[in-house]
Amino acid sequence: MNYDDFADLYDHQYGVYRDDLHFYAGVAERAGGPVLEVGAGTGRVTAFLARRGVPVVGLEPSARMIERGRARAQEEGLDLTFVQGGAQDFALEERFALVIAPFNALMHLYTPNEQLAALENLRAHLRPGGALAFDLYVPRYGEMNTVRHEGETFYGQGGSRTDVFLVQRHDRPRQHVTTEYHADTTAPDGTLRRRHYTLTQRYYTRFEMEWLLRHAGFEAPRVTGSFQGGPLTDASEVMVFQTRRRD
Ligand SMILES: C[S@@+](CC[C@H](N)C(=O)[O-])C[C@H]1O[C@@H](n2cnc3c(N)ncnc32)[C@H](O)[C@@H]1O
């Protein structure tokens, strides 16, 4: 999954999402050592940690997302390191006290082979007893095969307006949900530019992920249904996993 096409819109869409920030700052501060963020994107979480003095490396496959992350770091005078690569095959010499994968980053691993390779690789980059924390959407989506506008309208500095419409398709046997985004930007003179992006997420059930973690050499995870530690219930929107490397 290549996020290059999303890089321009990503911060407009998700820059305001803050639900997870204090959770990841808390686990990072408790880890007491260097942190690796997998699927760091444009540095939304990475920068939040760095502002608190946490030493953090952001791993991200998309060159354009990294470009944005580096620009953010420069603007804010933050010392951020981004490395280009994917969870399943990156190789760094450093060993980390904590690996995090916020905001569904692991939903871009599509097959059991990719998922296991990634988790085993994350484990290999942890110090003995090191921790792993990540969150995933609970698989629940809106109306399929229907064009929707979910309130995403952004106003550009030059007076332009961008409306994002989406259509989702569900491939149940593969546990894939594919979202087609149509971003329509209307300039002040009325001309319209239409962009189209496709994003496929591979969703997990709670126990599927628990078994994957155990198989990849992690302890049985603590699973919660919120970033505040509440239980996973029917109403939960996220599944938050916390585990440790089994030695
Ligand atoms: C929803 S974004 C989350 C970005 C960031 N963590 C945040 O919270 O804003 C998912 C990120 O995972 C990255 N990604 C996609 N495939 C990946 C892979 N195989 N390994 C690691 N990251 C991946 C994407 O490029 C994207 O930046």
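1. The radius of gyration of the protein chain is 18 Å, in agreement with the value near 18 Å for a compact globule of 247 residues. The radius is taken over C-alpha atoms, and the globule rule is 2.2 Å times the number of residues to the power 0.38. Along the principal axes, the C-alpha atoms fill a box of roughly 60 × 45 × 30 Å.

2. This is a predicted model: local features need pLDDT of at least 70, side-chain atom pairs count only at pLDDT 80 or more, and totals for chains, interfaces and linings use all residues. Residues are numbered from 1 along each chain as its sequence is written.

3. The protein chain has 6 helices and 11 strands. These are DSSP runs numbered from the N terminus (helices H or I, at least four residues; strands E, at least two).

4. Contacts are C-beta pairs within 7 Å, with C-beta placed from the backbone. Of those between residues at least 6 apart in sequence, 63% join residues at least 24 apart.

5. Buried residues account for 32% of the 247. Buried means 20 or more other C-beta atoms within 10 Å of the residue's own, placed from the backbone.

6. The largest nonpolar core holds 49 residues, with Val 35 and Val 99 making the most contacts inside it. Such a core is a set of buried Ala, Val, Leu, Ile, Met, Phe, Trp, Tyr and Cys residues joined through C-beta atoms within 7 Å. Strand β5 (residues 126-137) gives the most to this core, 6 residues. Leaving out residues up to four places away in sequence, Val 99 touches Leu 36, Val 38, Leu 122, His 125, Leu 126 and Leu 132.

Methods. Buried ≥ 20, exposed ≤ 12 C-beta atoms within 10 Å, placed from the backbone. Contact = placed C-beta atoms within 7 Å.
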